[in-house]
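Here is a short note for someone opening this structure for the first time. Please read the points with the model in view.

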Amino acid sequence: MGNVRVVLTRGVNDAVATDAKFAKFMLASLQRFNHADWGDSCAEDSKLNNADLRSLKQGLYGRILASYTSNLPFLTAQENIWIVREIVEADGTQAITVLFPSEY
């Protein structure tokens, strides 16, 4: 398996830079994601994520999409983020992308 890169979209990066509460929420969501906690994903999506996680660990194709919602009001950001993990290079390098649903 190749390396794993974490990428923030411009919107998420700007929100992290200007809103400490949002930054904490985003980091906590990323930690949950890395522990196979798929947040607000439905049972069917969670089952697919678990299957794709096994494929990704073997360097095979897979794509995980999880959704996280906060009940905290943020200064500049939406209250929902998505985190996507997929293979992006032929050598098995993976990207974990944090984005707002509107940026998809």
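This is a predicted model: local features need pLDDT of at least 70, side-chain atom pairs count only at pLDDT 80 or more; totals for chains, interfaces and linings use all residues.

1. **Ser29 and its contacts.** Start at Ser29. Beyond residues up to four places away in sequence, Ser29 touches Tyr68, Ile81 and Ile83. Ser29 sits in helix H2. Is Ser29 buried or exposed? Ser29 is buried: its relative accessible area is 2%, and the cut-off for that class is under 20%.

2. The mean pLDDT of the protein is 89. A score of at least 70 is reached by 98% of the residues. Which elements mark the two ends of the confidence range? Helix H2 has the highest mean pLDDT among the elements, at 95. H3 has the lowest, at 88.

3. **The fold in outline.** The protein has 3 helices and 4 strands. Reading from the N terminus, their order is β-α-α-α-β-β-β. Along the principal axes, the C-alpha atoms fill a box of roughly 40 × 30 × 20 Å. The radius of gyration is 14 Å. A compact globule of 104 residues would come near 13 Å, so the value agrees with that picture.

4. Of the 104 residues, 38% are buried. Now take the contacts between residues at least 6 apart in sequence. Of these, 55% join residues at least 24 apart.

5. **The nonpolar core.** The largest nonpolar core holds 21 residues. Which of them touch the most other members? They are Phe22, Phe33, Tyr68, Ile81 and Ile83. Two or more residues each come from helix H1 (10-18), helix H2 (20-34), helix H3 (43-57), S2, S3 and strand S4 (94-99). H2 gives the most, with 5 residues.

6. **Phe22 up close.** Set aside its neighbours within four places in sequence. Phe22 is then in contact with Val12, Ala15, Val16, Phe74, Ala77, Gln78, Ile81 and Phe100.

7. **Strand pairing.** S2 and S3 pair in the antiparallel sense, over 7 bridges. S3 also runs antiparallel to S4, and 6 bridges join these two. How enclosed is S3? Of its 8 residues, 6 are buried, so S3 is largely enclosed by the rest of the structure.

8. **The S3–S4 hairpin.** S3 and S4 form a hairpin with 6 residues between the strands. Look at Gly92 there. Gly92 takes a positive phi near 95°.

9. **Glu86 between two partners.** Glu86 lies in strand S3 (residues 80-87). Arg63 stands opposite Glu86. In S4, the bridge partner of Glu86 is Ala95.

10. **The Arg63–Glu86 salt bridge.** How many salt bridges does the structure hold? It holds 2. In one of them, the side chains of Arg63 and Glu86 meet at 3.5 Å, N to O. Arg63 belongs to strand S2 (residues 63-69) and Glu86 to S3, so the pair ties together parts 23 residues apart in sequence. Arg63 is partly exposed, at 26% relative accessibility. Glu86 is partly exposed too, with a relative accessible area of 25%.

11. **The Arg32–Asp37 salt bridge.** Arg32 forms a salt bridge with Asp37. Their closest N and O atoms are 2.9 Å apart. Arg32 counts as partly exposed, with a relative accessible area of 33%. Asp37 is partly exposed as well, at 31% relative accessibility.

12. **Gly11 in helix H1.** Finish at Gly11, which is found in helix H1. Is Gly11 buried or partly exposed? Gly11 is partly exposed, with a relative accessible area of 23%. Leaving aside neighbours within four places in sequence, Gly11 is in contact with Phe100 and Glu103. Gly11 and Ala77 are 66 residues apart along the chain, and their C-alpha atoms are separated by 8.1 Å.

Notes. Residues are numbered from 1 along each chain as its sequence is written. Side-chain values use heavy atoms; hydrogens and water are left out. A salt bridge is a side-chain nitrogen of Lys or Arg within 4 Å of a carboxyl oxygen of Asp or Glu. Buried means under 20% relative accessible area, exposed over 50%, partly exposed in between (1.4 Å probe, protein chains only). A nonpolar core is a set of buried Ala, Val, Leu, Ile, Met, Phe, Trp, Tyr and Cys residues joined through side-chain atoms within 4.5 Å. Contact means heavy atoms within 4.5 Å. pLDDT is the predictor's confidence in each residue, from 0 to 100. Two strands pair if DSSP finds at least two bridges between them. The radius of gyration is taken over C-alpha atoms; the globule rule is 2.2 Å times the number of residues to the power 0.38.
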